[in-house]
Each structure stands twice: as structure tokens, then as C-alpha cells.
Amino acid sequence: MRAWVVDRPGPMASRPLRLVEREVPRPGPGEVLVRVEACGVCRTDLHLAEGDLPPRRPLTTPGHQAVGRVEGTGERVGVAWLRSTCGTCRYCRRGMENLCPASAYTGWDADGGYAEYLVAPRDYLYPLPGDVPAERLAPLLCAGIIGYRALARCDLPPQGRLGIYGFGASAHLTAQAAIAQGAVVHAVTRSAAARALALELGAASAGDRPPEPLDSAILFAPVGDLVPPALEALDRGGTLAIAGIHLTDVPVLNYERHLFQERTLRSVTANTRADGRAYLKLSLEHPPRVTTVPYPFEEAGRALADLAAGQVSGAAVVVMS
């Protein structure tokens, strides 16, 4: 089979991904073999390719938003970021498996979806409908699920004012979920295309800063310099949730300007399977508009390079040819 691997982590200009030929993997106990139809392109894949996330194994195949069919049964499934947990630690027992110290991740600890086949534990797969295009389903498996958890973590009140910093794959799905709940959404992004998409999806504003104090905010852009202005934009009692797995250094905060008046700063770490099931149920019952930019499998490297350059409006998806 063909698979993309992270050869030498570095800037996308150095072409850290390489297309290789490999044996089709064999499932182990509790695993299934999945023929991949499409795989969403996530900023986490970019962090792995560029070395912001230290590789956990050599020549790893990235990708954790894979839609495919189980070999032998034809069952349509989704393979997402959370690959396995121990099931016995204090976090797993509390329903907080996203914090399990022994958790493992698709496309980081094990090969992911930038390949024609992958293996995955059956207990961590999500059943998907067979009549929805794979390109539309793929972004739901991380961009949608993580956005769903971030929305819960930012404590958005009913009809609240939500700021979304960075407006890519996850943000454009999260904005729709918040608007459907009655929120007023303000998108903060430098991209003209992203601003246009935000307004088209129903955002009240899209610009360099929110025009009014915010009850809640989510930071999707992996830029630590945005933390102080995002906190400063919060109204009293507001919460900022940082949704990414990687963030550049956060500048020094001023207590009175950024945190006083019970403003809260939170992180978002992966997701639980319960998050995934709840979001996918919601999104299949009330389908969001999924804006995608498809790339042929042979151009997975270009998809990541375009994401790095801020040239993707919506969600990039690698589609098997």
C-alpha cells in the first residue's frame, strides 16, 4: 500500500513528508483493518510534520480524521485522534479518559489515515452512515469533536457572546454549533477568506478584535500572543478555552487587565469517546455546513503546506484517488 510518513520533521518548505510503499498492516487483538476513503487534515498533523510535536516513533503516518470501511464487513467507520486508554486509572474511572496518562493517539503513537489502510482498536471507532460523502464526514472526527469539547469548556451562557480566535476547520464547525444555540459569535482572524466564511455562516462580526465584551472565547490559533488580548476582551466572569494541542509561549499576563474580575483561562485536552459520540449524533441529526478543500492523496504534502501558509478556508481533506 501507499502511505505518507514524516521523514525528517521540519518546516513544510523542507518537505518533511515522504510517500512510501509499505505492507498492508495486520490487525492485532481487538483491532480491525480499515480501508481509508478520506482523511481530514488537522493542524496537529502539521505540528507533527514540522516538529512542534516531538515524534513518538520513526516514520509515522499522520492523520486522525479517517473515514473508511472495515475490511471483511464493509462497515463504515471513523478513526479519530483518541486511539486507546488504559480504562483503569483514576481518570478513566471518573469518565475523564482524555487525561489518561497511558492514552495513545492515531497518527502520533500509531500510524494514521494518510495511507490506503490503517489498523485501529474496534472499541475506539465511530460508526458512520454509508450514504454521506467521506469528504464531508472526515472533518467531524477531530475539528468537530474538539470544537464541541472546547465549546463546553468555555462555559458559554445562554444567548452569550462568544469570541472565536482563528477561523479554520474546527472554528467554522464550532461557530455553527454556537449560533444554533443562540449565541452571538465574533470571529477574530486576519484571513480575508476566513472572515468572509465566518460572516456567511452567521457570525455577528469578523475582524481584528471583537466589537463588544465577551462572555466566552475559544482560541483555535496556536499563537500564545493572542492569549492576553483574548483574556482582556472577556467581560467579568468570562472564560477563555485554548483548544489546541500546541501553543507558542504565552506572554507575561497582567493580573488586573487579564485575570481579575473572575476571568478564567482553561485548556482543552483531546476528547473522550462520549464527546465524540455526542457530537457525531448531533451533527448527523442536524448536519452543519462543512466547508472543505479536497486534495488528491498524492498531494497530502501540499495540503499541509497550504494549511501552514493559511491558504485553506474551511477544512482540508485528503481524498483517496
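**Close-up 1. Cysteine sulfurs around Cys-89 in the predicted model.** The closest cysteine sulfur to that of Cys-89 belongs to Cys-86, at 3.6 Å. That is too far for a bond. Cys-86 has its own closest cysteine sulfur in Cys-100, also at 3.6 Å. Again the gap is too far for a bond, because a disulfide requires sulfur atoms within 2.5 Å. The structure holds zero disulfides. Is Cys-89 buried or exposed? Cys-89 counts as buried, at 16% relative accessibility. Cys-86 counts as partly exposed, at 35%.

**Close-up 2. The largest nonpolar core.** This core has 37 residues. Which of them touch the most other members? They are Leu-17, Val-41, Val-79, Tyr-114, Leu-118 and Leu-304. Several strands each supply at least two residues of the core: E1 (2-6), E3 (31-40), E4 (66-70), E5 (76-79), E8 (117-121) and E17 (315-319). In soluble globular proteins, nonpolar side chains tend to be buried together. Another core, of 26 residues, lies apart from the largest one. Its members include Cys-142, Ile-164, Val-185 and Ala-194.

**Close-up 3. Contacts of Leu-118.** Residues up to four places away in sequence are not counted here. Leu-118 touches Val-32, Leu-33, Val-34 and Val-36, among others. Its partners also include Pro-25, Ala-66 and Val-79. Asp-111, Gly-112 and Gly-113 are touched as well. Val-79, like Leu-118, is one of the core residues that touch the most other members.

Close-up 4. The buried residues are Thr-44, Asp-45, Leu-46, His-47, Leu-48 and Ala-49. They pack against strands E1, E2 and E3 and against helix H10. Just after H1, Gly-51 takes a positive phi of about 95°.

**Close-up 5. Pro-11 in the loop between E1 and E2.** E2 is the strand spanning 17-21. Pro-11 is exposed, because its relative accessible area of 54% is over the 50% cut-off. Which residues does Pro-11 contact, leaving aside neighbours within four places in sequence? Pro-11 is in contact with Pro-16 and Glu-50. Ala-204 is 193 residues from Pro-11 in sequence. In space, the two are 36 Å apart, C-alpha to C-alpha.

Terms used. Residues numbered from 1 in each chain as written. Predicted model: local features only at pLDDT ≥ 70, side-chain atom pairs only at ≥ 80, totals over all residues. Heavy atoms only, no water. Core = buried A, V, L, I, M, F, W, Y, C linked by side-chain atoms within 4.5 Å. Buried < 20%, exposed > 50% of the residue type's maximum accessible area, 1.4 Å probe, protein only. Helix = DSSP H or I, 4+ residues; strand = E, 2+ residues; numbered from the N terminus. Contact = heavy atoms within 4.5 Å.
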